[in-house]
Amino acid sequence: MAVDALYSNEHAGMLAPAIDGCLGHSADARVLIATPLRDKATEAMLEEFPGLMQSRGMGLLVSGDEFGYEDWEVNGERARVHTWWGIWGRE
């Protein structure tokens, strides 16, 4: 499981090989990735990520969106955050 792992431009390129190296090779091996889409930068990182995973022989099995709130407050209120999640397996 990797949560909130994409927050710098280099992370998508680092996360895919790390998963490839750690994920088992059995047909039922899975990894859950969840990342908050806080801004255009994190959205761009997520756009890059599927191609990197596919180039390593992993396919997206199911994905979805969750909406929640940040842990911190801005102007006395917790900001709402959109989180994308996906479960990947080896093809």
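Strands E3 and E4 (residues 77-90) run antiparallel to each other, paired over 13 bridges. Strands here are DSSP runs of E with at least two residues, helices are runs of H or I with at least four, and both are numbered from the N terminus; two strands count as paired if DSSP finds at least two bridges between them. Valine 62, for instance, has isoleucine 87 in E4 as its bridge partner. This is a predicted model, so local features need pLDDT of at least 70 and side-chain atom pairs pLDDT 80 or more, while totals for chains, interfaces and linings use all residues. Residues are numbered from 1 along each chain as its sequence is written, and side-chain values use heavy atoms, leaving out hydrogens and water.

Zooming out, four strands make an open sheet with mixed pairing, in the order E1-E2-E4-E3. E1 (2-3) and E3 (58-74) sit at the edges with a single partner strand each, so one side of each has no neighbour in the sheet.

Isoleucine 33 is in contact (heavy atoms within 4.5 Å) with residues including Leu15, Ile19 and Phe49, leaving aside neighbours within four places in sequence.
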